[in-house]
Amino acid sequence: MTDNAVELGPLPTCWRRRHLLGLEGLTAEEITAILDKAEIFKGALVSGKRRVPLLTGVTSCNLFFENSTRTRTSFSLAARRLGADTIDFSAATSSLSKGETVIDTAKNIEAMGADVMVVRHRTPGTPHLLAQNLNCCVINAGDGPHEHPTQGLLDILTIRQRRGSLSGLTVALVGDIAHSRTARSNIWGLKALGANVIVCGPSTLVSPRWAELGVEYTYSLDEILPRVDVLNLLRIQFERQATRPFPSVREYAHLYAMDRGRLARAKSDILILAPGPINRGVEVTPDVADGPHSAILEQVTNGVAVRMAVLWLVASVSPN
Ligand code: NCD
């Protein structure tokens, strides 16, 4: 093994996708293949190998029409760690304001030589539409409230690293279930790997219809807390809501914020996750967010490794 080499192994036989549009429909084998490659990349990164040039000559474009801190930065970093070239597209300064469509915008960037398009857009289905209209690989980095597959994967990787396996664990997703793409991707991925999922939040944000996805639903965090292994605390997506779903943020925090008191009533080894950005004092109090049960920054570190794995996997499948 040379200095930069990583024992990544071949492309898994189960992996044939040139796009990652969601975790819905992925098999346990496919999800495990992504997580296994991500673990190898993480091992390389933590041992100080900052360049793993497996995608030299590949160009990856971040096509973000919505704000982002973690997802955008870590996709850029992941591509660069793999030796790929990166293009960062900013909707605010683009010709969209001159009336150009999203498909035309993407086709023009593809014509400049992009091989992979990482897409975030407020409209569900935008990455799917681009996958149908472009030749390059498409990765969904969040399509409105629909899916955010790499967030689901990095959450699941963090749980797997801490607990060894997902099978039989009880994972509660707490907060704005109705508008959360993280919730949907977590549900598909966690269920595929054998975890039990509970969705929890105010009745205006948790519909009984979630049971149709094979998950339990509840409006009371305090009721489920003693039997939960992992809590994933989701932000209230005010930007996607036409009306306020509860009387005040203070009331929400009173019922759903993970604080010291709730921690004392939870399992002694409960794991606390949050996709970020966190609103301190709303979903979680600072002492819990920064405390020993929290893996919030570990999730961010895992995000780079997961995105390296996904970029490598989709870019390694030849077209047709
Ligand atoms: C999430 C997103 O944008 O969907 N954040 C992220 O990608 N890290 C969740 C959120 O915005 O609350």
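Predicted model: local features only at pLDDT ≥ 70, side-chain atom pairs only at ≥ 80, totals over all residues.
**Close-up views of the interface between domain 1 and domain 2**

View 1. The contact draws 34 residues from domain 1 and 28 residues from domain 2. According to the domain assignment of the protein, domain 1 consists of residues 4-147 together with 301-315, whereas domain 2 covers residues 149-299.

**View 2. The area buried between the domains.** Together, domain 1 and domain 2 bury about 2,500 Å² between them, and 59% of this area lies on carbon and sulfur atoms. On the side of domain 1, Leu 23, Leu 35 and Asn 302 supply 23% of the area buried against domain 2, which is more than any other three residues provide.

View 3. Arg 240 forms a salt bridge with Glu 66, in which the closest N and O atoms are 2.9 Å apart.

**View 4. The side of domain 1 that touches domain 2.** The elements giving two or more residues to this side are helix 1 (28-46), helix 2 (70-81), strand 4 (116-121), strand 5 (137-143) and helix 11 (296-316). Helix 1 makes the largest contribution, with 9 residues. Sorted by class, the side of domain 1 that touches domain 2 comprises 14 nonpolar, 10 polar and 10 charged residues.

Key
Residues numbered from 1 in each chain as written. Heavy atoms only, no water. Domains from an automatic or database assignment. Contact = heavy atoms within 4.5 Å. Buried area = accessible area lost by both parts, 1.4 Å probe. Salt bridge = Lys/Arg side-chain N within 4 Å of Asp/Glu carboxyl O. Helix = DSSP H or I, 4+ residues; strand = E, 2+ residues; numbered from the N terminus. Nonpolar A, V, L, I, M, F, W, Y, C, P; charged D, E, K, R; others polar.
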